[in-house]
Amino acid sequence: MTCTPVSLLVTGGAGFIGSNFIHSYMANNPLCMVTNLDCLTYAGNLKNLTAVEENPHYRFVKGDIGDAALVAEILASRRIDAVVHFAAESHVDRSITGPELFVRTNVLGTQVLLEESRKHWQSGVVPDFRFLQISTDEVYGSLGDTGYFTEETPLAANSPYSASKAGADLLVRAYHETFGLPTLNTRCSNNYGPYHFPEKLIPLLIHNIINEKPLPVYGDGLNVRDWLHVRDHAVAIETVLKKAVPGSVYNVGGNNEWKNIDIVNLVCDLLDGRLGRPEGKNRALISFVKDRPGHDRRYAIDASRLTSDLGWSPSYTFEEGIAETIDWYLAHQEWVADVTSGAYLEYYQVQYNRGAA
Ligand code: NAD
Ligand code: TYD
């Protein structure tokens with residue numbers, strides 16, 4: 001069974017993954033209407049969407065997912081037949097210094113979207129409706145040296161961020177089980193690529209290396225993450241949206257595990273050449289700092305269900321993806337300057353001042 005939604009509500013479309021999804025989805029589905037609801041927090045930037053802003057099939061609405069009246073109005077007036085829900089507070093470090101906002105946006109905001117979606121769907125104006133919750137592998141907690149998260153792994157979130165995402169995932173499940181709302185849920189590993197706000201590891205490294213600033217490595221640097229190019233994630237989301245059976249959950253991952261310190265060294269070395277610096281120069285910027293509290297040791301995702309059921313697999317190799325990403329940041333220094341002005345710098349200082357390891 002496949003369905004092709006014609007009027008999408010994308011929440012958080014001005015952020016990293018949401019904006020990449022909008023570009024990818026609109027290119028693949030030129031007749032589709034896309035409404036992007038985003039309140040433009042520090043992480044949202046309309047410059048991520050300049051390529052579509054004049055497109056008559058795209059509309060931006062500045063607003064909060066927690067505003068029930070606004071959400072209801074959009075769902076009805078645009079005859080929305082699919083909600084793709086990215087909007088969230090997404091940074092673990094910020095969730096440690098301020099958990100309350102994470103609960104408000106990620107849990108309560110999701111509940112408002114679900115409730116308005118339920119009413120809209122039950123009104124019967126759209127024959128085929130789906131609600132896709134974009135989530136993270138972090139809801140499963142932390143792994144030891146071996147093993148993988150599957151869709152059956154119990155939720156065991158360890159940070160306020162991942163706990164708020166797990167809460168939202170369970171509400172999505174509850175709306176399906178209790179009300180029959182046609183929901184879908186994807187849980188993806190760490191993404192990298194264009195439009196990534198430079199507080200997350202890879203864009204922070206690129207930004208700091210260019211500016212010859214210290215590269216903070218938390219703890220011993222041996223934590224492991226599984227990295228997926230954001231465009232591969234966007235295609236996975238489109239695949240699940242169109243092909244998955246309501247009520248299903250799919251893991252998304254790149255089968256591409258890296259220790260943090262190895263990523264740091266790789267990005268340093270790739271930028272030595274591009275910046276015309278002597279070999280090894282950038283590695284001298286590495287600075288081990290105090291560990292993140294509750295720092296998950298290893299994430300590794302088994303995405304075989306998505307491949308076997310729906311035929312998705314990643315198209316980027318990490319070698320080409322990371323090289324392309326570094327070149328994108330070098331070519332988009334104006335974008336980086338824009339998003340890193342103001343609050344970002346203050347925040348960065350707070351992080352870095354956590355002190356040496
Ligand atoms: P992001 O922080 O770059 O973007 C979040 C967007 O949501 C921003 O544009 C922000 O303005 C918007 N937003 C925040 N609160 C809002 C509200 N109350 N109302 C409307 N808009 C609001 O995040 P991202 O990295 O693009 O992540 C998107 C989603 O994917 C999140 O749900 C995240 O949990 C999930 N995810 C991220 C990763 C990753 O590696 N970044 C991996 C797996 C899953
Ligand atoms: P991050 O990009 O914040 O993603 P997440 O915590 O959601 O996985 O961090 C990726 C890994 O890199 C994580 O193990 C924490 C580590 N890290 C650093 O060592 N230094 C940094 O400055 C940042 C931002 C992250």
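1. Asn-255 sits in the loop between strand 10 and strand 11 (257-259). This is a predicted model, and here Asn-255 has a positive phi of about 50° although it is not a glycine. Most residues other than glycine have a negative phi. Asn-255 is exposed, because its relative accessible area of 65% is over the 50% limit.

2. Glu-212 is another residue other than glycine with a positive value, its phi being near 55°. Where does Glu-212 lie? It is in the loop between helix 6 and strand 8 (215-218), just after helix 6. Its relative accessibility is 48%, so Glu-212 counts as partly exposed.

3. Helix 6 itself covers residues 201-210 and is mostly covered, with nine of its ten residues buried. The buried set is Ile-202, Pro-203, Leu-204, Leu-205, Ile-206, His-207, Asn-208, Ile-209 and Ile-210. An α-helix has 3.6 residues a turn, so residues three or four places apart point the same way.

4. The largest nonpolar core holds 35 residues, and Leu-8, Phe-21 and Val-84 touch the most other members. Which elements give two or more residues to this core? The strands are strand 1 (7-11), strand 4 (82-85), strand 5 (130-136), strand 6 (183-188) and strand 10 (249-252). The helices are helix 1 (16-28), helix 7 (230-243) and helix 9 (304-310).

5. Val-84 deserves a look in the viewer. Leaving aside neighbours within four places in sequence, Val-84 is in contact with Leu-8, Leu-9, Val-10, Thr-11, Phe-21, Leu-132, Ile-134, Ile-237 and Leu-241. Leu-8 and Phe-21, on that list, are also named with Val-84 as touching the most other core members.

6. The aromatic pairs number 14. In one of them, Tyr-42 and Phe-197 have ring centres 5.2 Å apart and planes at 80°, so the pair is edge-to-face. Tyr-42 lies in the loop between strand 2 (33-38) and strand 3 (58-62), and Phe-197 in the loop between strand 7 (190-192) and helix 6, so the pair ties together parts 155 residues apart in sequence. Phe-197 is buried, at 8%.

7. Tyr-195 and Trp-328 form an edge-to-face pair too, 4.9 Å centre to centre with 70° between the planes. This pair links distant parts of the chain: Tyr-195 is in the loop between strand 7 and helix 6, Trp-328 is in helix 10 (residues 318-331), and 133 residues separate them. Both Tyr-195 and Trp-328 are buried. Ring pairs also join Tyr-195, Trp-328, Tyr-329 and Trp-335 into a cluster.

8. Now the second largest pocket. Rolling a probe the size of a water molecule over the atoms shows where empty space is left. About 210 Å³ of space lies in this pocket. Its lining has 15 residues, and Arg-173, Asn-185, Arg-187, Gly-247 and Val-249 lie nearest the centre.

9. Which element gives the most to that lining? Helix 5 does, with six residues. Helix 5 (160-179) and strand 6 each supply at least two. The lining residues divide into five nonpolar, five polar and five charged.

Notes: Residues numbered from 1 in each chain as written. Chains lettered and ligands numbered in written order. Predicted model: local features only at pLDDT ≥ 70, side-chain atom pairs only at ≥ 80, totals over all residues. Heavy atoms only, no water. Core = buried A, V, L, I, M, F, W, Y, C linked by side-chain atoms within 4.5 Å. Buried < 20%, exposed > 50% of the residue type's maximum accessible area, 1.4 Å probe, protein only. Helix = DSSP H or I, 4+ residues; strand = E, 2+ residues; numbered from the N terminus. Contact = heavy atoms within 4.5 Å. 1 Å grid on protein atoms, 1.4 Å probe; cavity = no way out; pocket = protein on both sides within 12 Å on 5 of 7 lines; lining within 4 Å. Points joined across faces, edges and corners; volume = space filled by probe spheres on them. Nonpolar A, V, L, I, M, F, W, Y, C, P; charged D, E, K, R; others polar. Phe/Tyr/Trp six-rings, centres within 6.5 Å; stacked < 30°, edge-to-face > 60°.
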